[in-house]
Amino acid sequence: MPAERSLLVVSNRLPVQVRRTSQGFEYLPAPGGLVTALEGARQRVEPRWLGWPGIYVEREDERASIASHLAKDYDATPLFVPEALFDAYYEGFSNGTLWPLFHYFPQHAHYEEDEWNAYREVNRRFCDRIVEIAPPDARVWVHDYHLLLLPELLREALPKARIGFFLHIPFPSSEIFRMLPWREQLLRGLLGADVIGFHSHAYARHFQSSLLRLLGLEHEFGRVWVGDRLVRIDSFPLGVDVARLGAAREDPEVEAERLSLLAENPGKRIVLTVDRLDFTKGIPERLRAFERFLERNPHWHEKVTLIALTVPSRTGVPEYQALKREVDELVGRVNGRFGESGWTPILYLYRNLPFERLVALYRAADELGEALIVNPHDEEQVCRALERALEMPEDEQRRRNRGLLERQRRYDVGRWVEDFLTQLEPARLEGRGHEPLEGAALEALLDAHRASERRLLLLDYDGTMVPFAPRPEEAAPDPPLLDLLRSLSANPRNTVVIISGRDRATLEAWLGDVGADLVAEHGAVVRLRSDPTWRQSVGAAEASWKPKLRPLLELFVDRTPGAMIEEKAASLAWHYRQAPPDLGELRARQLAEGLEGMLSNSGLVVLQGSKVIEVKDGAIGKGRAAEPWLGREPRYDFVLATGDDPTDEEMFEVMPAEAWTILIGADRPSHARHRLAGPDAIRALLRSLA
């Protein structure tokens with residue numbers, strides 16, 4: 001797979017740790033889940049690495065020596081960071097703020113401005129180093145919570161790069177995440193990536209919820225449009241290196257270690273726990289559950305041993321020191337209460353173990369692999385699960401473990417790498433009936449425009465030429481847009497028609513002097529540039545239905561904080577852009593269903609636009625409104641129609657086959673032939689036409 005060999009993997013730590021000795025520097029394999037994962041996928045991808053080398057070095061000659069050795073022997077590039085800055089970034093913001101908050105321990109999180117600034121600075125230094133060593137179109141895979149800002153920085157510095165990000169810890173619910181003072185900056189930092197990966201669907205869903213609630217960004221099937229880019233959000237469960245573990249089973253050293261463990265615990269069932277010492281791992285909870293198990297099951301005394309392998313972590317942090325004391329005391333208490341001569345209930349191993357001994361522990365353990373799922377805070381449930389596991393018939397154990405093994409074989413660490421890198425390939429829009437307006441398609445449009453003599457430009461307003469605003473009245477046109485529309489309208493070859501759902505008074509006030517024809521309220525009223533009089537279309541004058549429907553809309557305003565009613569000459573609109581996103585969508589569905597039931601056989605229709613439910617006469621629509629211009633003689637030889645929401649589909653449907661129809665914004669099924677990402681993109685196109 002030659003393309004994958006250009007991958008640059010960026011993580012806080014390199015896969016090798018540098019240490020200073022009396023003879024110089026030594027280079028040791030660094031422990032860690034990411035290192036283990038990519039090592040297991042080395043046949044599929046040979047990554048280059050960028051990260052901190054695990055040592056503080058000030059002298060330039062020593063830095064050069066280390067960099068040369070890492071590049072030659074490990075295909076790795078070190079990022080050297082001053083000790084004080086790294087400490088504030090790593091122990092401070094990364095592990096003092098993000099780690100506890102993302103693991104639902106907000107009481108352990110602290111929010112210090114200087115640590116946040118250090119975090120930003122180190123992320124910036126990572127970006128600068130990548131720019132130095134990577135080509136403009138590099139594929140970069142950024143890892144974990146230490147570098148949440150890096151994707152956006154890279155996107156700005158290397159706009160042609162393909163950037164992936166994978167989070168190796170949970171992403172919390174939006175209610176927890178929003179406690180961060182710098183929450184929006186972190187979300188935007190991640191959105192610089194093309195693919196954002198999580199361990200589970202729940203974590204991806206939490207992230208999407210935060211995007212919606214904090215940035216107002218909606219997703220469709222795990223896809224979010226950010227400007228003119230499509231960002232994919234998905235879950236990629238990180239597996240294990242099944243082949244390596246299977247080979248280790250036959251290793252004589254592993255077998256010797258296993259037999260030694262069994263000899264040290266003759267006739268005893270072995271329960272194994274392996275964790276880094278961290279308050280997110282539930283270590284005290286499981287020790288207390290094991291204590292309850294021994295209280296309730298005296299017949300298991302001297303017949304079962306819990307081996308608790310606990311890897312040291314952040315030994316200089318007060319919270320972790322307190323956790324270490326708590327674990328030590330619990331182990332001492334359980335062993336003191338139940339221990340007998342020749343039997344220690346808990347064998348507590350507070351250290352790192354080599355791979356061979358770790359595999360031997362797994363092989364010696366009797367604990368189930370296809371797990372009995374428990375809540376670690378429910379001691380009774382954990383106790384019952386231990387009882388069931390230890391008493392479970394061997395054939396059931398084999399059946400459960402066989403299922404686990406087959407699943408791990410199907411989705412091992414190599415499959416994890418392959419799936420993520422496949423997603424990292426450039427996105428392709430499929431099955432939508434339209435394509436991005438770029439490359440040859442864009443050149444064809446510009447050529448057709450230059451060759452034309454009579455041009456019709458049908459332009460939607462909200463969501464097309466201007467972004468949506470929290471309240472409708474806040475989306476007024478800015479001076480550059482007004483100048484652009486005046487320039488287009490001043491060209492005698494052009495007929496510019498602004499065709500909008502806005503009321504006539506607003507369009508008159510905002511756009512009345514740009515020289516364009518104006519169509520308001522989806523076609524209910526029209527004002528030509530040659531005639532300042534607004535004229536109503538068929539059906540627009542009759543509005544006796546409004547008093548009958550207004551009470552229902554008012555009820556939904558009362559039930560939905562942030563919702564509001566807008567009355568137009570020929571329609572009623574219920575806006576919910578300022579409502580809580582989940583509640584707003586729920587109430588919108590309920591209101592639409594209620595209205596459709598009331599309006600059957602009435603001639604009225606319900607329009608579902610962007611954060612708005614609108615009721616109008618079925619005879620009124622943007623398609624019918626556009627027909628007078630389409631029927632003019634002589635015919636236009638260049639027609640462009642733009643719109644962003646379902647109310648514009650009527651217009652797209654009536655366009656002649658040769659027209660240029662462009663959907664603006666989020667990708668969705670549409671009758672438009674082409675698509676642009678948002679207001680900035682359509683303005684850029686209109687500037688080209690002007």
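Trainee: In which sense do strand β7 and β8 pair, and over how many bridges?

Mentor: This is a predicted model, in which local features need pLDDT of at least 70 and side-chain atom pairs count only at pLDDT 80 or more, while totals for chains, interfaces and linings use all residues. Residues are numbered from 1 along each chain as its sequence is written, and side-chain values use heavy atoms, with hydrogens and water left out. Strands (E, at least two residues) and helices (H or I, at least four residues) are DSSP runs numbered from the N terminus, and two strands pair if DSSP finds at least two bridges between them. Here strand β7 (residues 162-166) and β8 pair in the parallel sense over 3 bridges, with F165 standing opposite I196 in β8.

Trainee: Which strand pairs with β8 over 4 bridges?

Mentor: That is strand β10 (residues 229-235), and its pairing with β8 is parallel; within β10, R232 is the bridge partner of V195.

Trainee: What is the strand order in the open sheet of 3 strands?

Mentor: The order is β11-β12-β13, with parallel pairing. The edge strands, each of which pairs on one side only, are β11 (269-276) and β13 (346-350). From one strand to the next the twist averages 15°, where axes are lines fitted to C-alpha atoms (for helices over the stretch in contact) and angles run from 0 to 180 degrees between N-to-C directions. Strand β12 (residues 304-311) is joined to β13 by 5 bridges, the two running parallel, and I307 stands opposite L347 in β13.

Trainee: Which residues is V304 in contact with, leaving aside its neighbours within four places in sequence?

Mentor: Contact means heavy atoms within 4.5 Å. By that criterion V304, which is found in strand β12, is in contact with K268, R269, V271, F290, F293, L294, W343, P345 and L390. V304 counts as buried because its relative accessibility is 0%. From C-alpha to C-alpha, V304 and N265 are 8.7 Å apart in space, although 39 residues apart in sequence.

Trainee: How many residues does helix α14 have, and what span does it reach?

Mentor: The expected span of a helix is 1.5 Å times one less than its number of residues. Helix α14 (residues 379-391) has 13 residues and reaches 18 Å from its first C-alpha to its last, close to the 18 Å expected. Its buried residues include V382, C383, L386 and L390.

Trainee: Why does C383 count as buried, and how many disulfides does the structure hold?

Mentor: C383 counts as buried because its relative accessibility is 0%, and C127 is likewise buried because its relative accessible area is 6%. A disulfide is a pair of cysteine sulfur atoms within 2.5 Å, and the structure holds 0 of them.

Trainee: Where is T464 placed, and which residues does it touch beyond four places away in sequence?

Mentor: T464 is in the loop between β15 (455-459) and α18 (479-490), and it is buried because its relative accessible area is 0%. Beyond four places in sequence, T464 touches T642, G643, D644, I664, G678, P679 and I682. The C-alpha atoms of T464 and G678 are separated by 6.5 Å, with the two residues 214 apart along the chain.

Trainee: What polar contact does the side chain of T464 make with the side chain of D644?

Mentor: A polar contact is a pair of N or O atoms within 3.5 Å; within protein, one must be able to donate a hydrogen and the other to accept it, and residues adjacent in sequence count only if both atoms are side-chain atoms. The contact between the side chains of T464 and D644 is 3.5 Å, and a polar contact of 2.8 Å joins the side chains of T464 and D460.

Trainee: Where does D75 lie, and what is its phi?

Mentor: D75 lies in the loop between α2 (60-74) and β5 (76-78) and has a positive phi of about 50° although it is not a glycine.

Notes: Buried means under 20% relative accessible area, exposed over 50%, partly exposed in between (1.4 Å probe, protein chains only).
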